[in-house]
Amino acid sequence: MLWYKGWLETRFRLVLVLVVVALLILTQSNGSAKADVRGVIFIAGMSVWLQCIFLAAAGIVTQQSLQAAKGLHGSTLFTLTLPVSRFRLLAVRAGLGWLEMAGGIGTICCLLWFLFPVIRSSATPQEMAQFAAVLMVCGSAFYCITVLLATVLDDLWRVWGSLLCYGALGWLANKIPAPAAVNLFQAMSDRSPLLTHRMPWTAMAFALGLAAALFFAALKVVQIREY
């Protein structure tokens with residue numbers, strides 16, 4: 001029931017994000033002869049952040065897609081009456097969104113592989129699969145930032161809050177030298193398997209730890225918040 005309910009509330013977002021990214025990829029692929037690997041990697045990174053923003057769980061503060069509303073939404077009231085714990089509500093919603101994001105990343109990486117000859121000439125299919133895995137793991141940290149924001153913000157403000165957080169983190173990563181082990185932006189771009197032909201294991205481990213901490217914080221907010 002929870003999984004199906006979550007799917008009904010997020011399927012439009014998933015389709016919308018994939019259509020937008022697919023259009024961007026198709027537009028760029030028209031000039032694929034001039035495209036470089038870094039440009040393709042940038043497109044992939046942007047797709048991950050878009051999916052994080054629009055697919056991350058709203059905890060139990062569920063709303064219709066892309067609408068702002070004051071007070072409690074009807075879906076929230078229905079969800080709160082279900083005989084399940086708030087941990088399960090948050091875990092199911094976050095888990096479903098993450099699975100949708102992982103499927104979206106896999107789909108986008110397949111499109112990039114088939115539409116950009118520059119990728120096929122510089123990386124093997126295995127390295128493209130590794131790149132997809134890096135995006136999923138490192139993207140989990142950004143995903144959980146939005147999950148945390150979703151527990152305290154309405155749906156529309158969650159989108160803007162996520163954009164501000166991602167932008168601020170990207171600005172800090174460029175302005176303040178940070179060890180490669182904690183620089184997720186580099187792990188998804190300059191240190192990705194498509195360029196280095198190696199997996200950024202330390203950055204991936206840091207991303208998983210950060211994602212777990214953010215999810216735990218979101219759980220605490222959900223448990224103590226009064227609706």
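Helix α1 (residues 2-29) packs against helix α4 (residues 86-115) at an angle of about 25 degrees, and their axes lie 10 Å apart. Axes here are lines fitted to C-alpha atoms, for helices over the stretch in contact, with angles from 0 to 180 degrees between N-to-C directions. Helices are DSSP runs (H or I, at least four residues), numbered from the N terminus. The angle makes α1 roughly parallel to α4, a term for angles under 35 degrees. The contact of α1 with α4 involves 17 nonpolar, five polar and four charged residues. Nonpolar covers Ala, Val, Leu, Ile, Met, Phe, Trp, Tyr, Cys and Pro; charged covers Asp, Glu, Lys and Arg; the others, Gly among them, are polar.

This is a predicted model, in which local features need pLDDT of at least 70, side-chain atom pairs count only at pLDDT 80 or more, and totals for chains, interfaces and linings use all residues. Residues are numbered from 1 along each chain as its sequence is written, and side-chain values use heavy atoms, without hydrogens and water.

α1 has a kink of about 45 degrees centred on T10. The bend at a residue is the angle between axes fitted to the seven residues ending there and the seven starting there. T10 is also among the buried residues of α1, which include L14, V17, V21 and I25; buried means under 20% relative accessible area with a 1.4 Å probe, protein chains only.

In α6, a kink of about 35 degrees is centred on S140. Because 19 of its 26 residues are buried, α6 is largely enclosed by the rest of the structure.

Notes. Helix = DSSP H or I, 4+ residues; strand = E, 2+ residues; numbered from the N terminus. Parallel < 35°, antiparallel > 145°, perpendicular 65-115°, else oblique. Buried < 20%, exposed > 50% of the residue type's maximum accessible area, 1.4 Å probe, protein only.
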